[in-house]
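Work through the exercises below with the sequence and the model side by side. Try each task before reading its solution.

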Amino acid sequence: MTEHSNAPVHPDVTGFFDAATNTISYVVKDPASQACAIIDSVMDIDYAAGRITYDHADTMIAFVEEHGLTLEWLIETHVHADHLSAAPYIQKKLGGKLGIGSKITVVQDTFGKVFNEGTEFQRDGSQFDRLFEDGDTYTIGTMTARVIHTPGHTPACMVHVIGDAAFVGDTLFMPDGGSARADFPGGDAATLYDSIQKVLALPGETRLFMCHDYGPNGRDIRWETTVAEEKAHNIHVGEGKTKEDFVKFRTERDATLAMPKLIIPSLQINMRGGELPPADEDGKRFLKVPLNGL
Ligand SMILES: [Fe+2]
């Protein structure tokens, strides 16, 4: 007879830090099988040169292959504005299904207009294999993952809870980093506060994995903390900070922030699920730069 415990499954989590964009991509492996998921992959770009490369993605592909893993899912926690997704590139090599929050359609509608896309740019999320709703579940091997809709940074943001691990996307940063900005189109500070409360309502020992870390005050890059740590020490939403405090602080702070360096290429590629814009009749591909459009 097998013994059953109530302890949540403890997935093996490996982070891959991208120094160019301060993004952390993850391989999340089922401890009971060879199944895994990749969360928030990165495609490299030298924007000044218009050159796309795949070193970061190739490192993750090599990891999956060397460990004999089966890639079941490619997850985007949201439409990133600071790095380009490599999900289709990885999917072509390793398979797996690509998933994002269902509100991707709102993001596609907004930025389809900003970039003056024609009708060939579908705004129905059909670039993805699965559109998640709040509370949806999916499986990675024997593990069940659950998604929590966490808008505020963007409308499509989702936190993925897999056993005792949660991938928070751009809701929270490490306790000394605070929270993500809420001033992009479709963003809202009060909504972000409410979403963060959903993350902080998870069990205190839940491992939280960040999408970004900037090593504030010169500390080394870190990407893992816990719900209990965030509750006690997060500089924006930790102990004693009210929603009013947060909204005031977040709004004032966001007004001082410059646009992310890669927002223009990131949005055009990520709203397409990581695909490059379609080729013209000569087979060339271009990104647009809308003037005074953001
Ligand atoms: Fe983001």
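UniProt positions are given in the numbering used here, and such annotations may be inferred rather than shown by experiment. With that in mind, the unreviewed UniProt entry places the feature "domain: Metallo-beta-lactamase" at residues 22–212. The model is predicted.

**Exercise 1. Describe the overall build of the protein.**

Solution. Start with the elements: the protein has 7 helices and 14 strands. Next, take the radius of gyration, which is 19 Å; the globule rule gives 19 Å for 294 residues, so the protein is as compact as a globular protein of that length. The C-alpha trace spans about 65 × 50 × 35 Å along its principal axes. Of the 294 residues, 45% are buried. Last, look at contacts with a separation of 6 or more: 66% of them join residues 24 or more positions apart.

**Exercise 2. How far apart are the end C-alpha atoms of residues 22–212?**

Solution. They lie 6 Å apart. The span itself is 23% helix and 28% strand.

**Exercise 3. Trace the sheet that contains β1, and find its edges.**

Solution. Step one is the order: β1-β2-β3-β6-β7-β8, an open sheet of 6 strands with mixed pairing. Step two is the edges: β1 (12–18) and β8 (130–132) each have a single partner strand, so one side of each is left without a neighbour in the sheet. Step four looks at one pair: β3 (residues 35–39) and β6 (residues 70–75) run parallel and are joined by 5 bridges. Within this region, I38 stands opposite L74 in β6.

**Exercise 4. Which strands does helix α2 touch where it packs on the sheet?**

Solution. Helix α2 (residues 87–94) touches β3, β6 and β7 (97–101), and its direction makes about 165° with that of β6. Now go to the residues of the helix: A87, Y89, I90 and Q91 are buried. The cover over the buried residues of α2 includes α1 (55–66) as well as β3, β6 and β7. After the helix comes G95, with a positive phi near 80°.

**Exercise 5. Trace the sheet that contains β9.**

Solution. This open sheet of 6 strands has the order β9-β10-β11-β12-β13-β14, and its pairing is mixed. At the edges stand β9 and β14 (224–226), each with a single partner strand, so one side of each is left without a neighbour in the sheet. The twist from one strand to the next averages 30°. H149 has M158 in β11 as its bridge partner.

**Exercise 6. Is T137 buried or exposed?**

Solution. First place the residue: T137 is in strand β9 (residues 137–140). Then count: 10 other C-beta atoms lie within 10 Å of T137. A residue is exposed if that count is 12 or fewer, so T137 is exposed. Beyond its neighbours within four places in sequence, T137 is in contact with T144, A145 and R146. The C-alpha atoms of T137 and I148 are 9.6 Å apart, for a separation of 11 residues in sequence.

**Exercise 7. Which residues have the most contacts inside the largest nonpolar core?**

Solution. In soluble globular proteins, nonpolar side chains tend to be buried together. Here the largest nonpolar core has 74 residues, and V28 and V168 have the most contacts inside it. Setting aside neighbours within four places in sequence, V168 is in contact with V159, V199, L208, F209, M210 and C211.

Terms used
Residues numbered from 1 in each chain as written. Predicted model: local features only at pLDDT ≥ 70, side-chain atom pairs only at ≥ 80, totals over all residues. Pairing = 2+ DSSP bridges. Helix = DSSP H or I, 4+ residues; strand = E, 2+ residues; numbered from the N terminus. Contact = placed C-beta atoms within 7 Å. Axes fitted to C-alpha atoms, helices over the stretch in contact; angles between N-to-C directions. Buried ≥ 20, exposed ≤ 12 C-beta atoms within 10 Å, placed from the backbone. Core = buried A, V, L, I, M, F, W, Y, C linked by C-beta atoms within 7 Å. Rg over C-alpha atoms; globule rule 2.2 N^0.38 Å.
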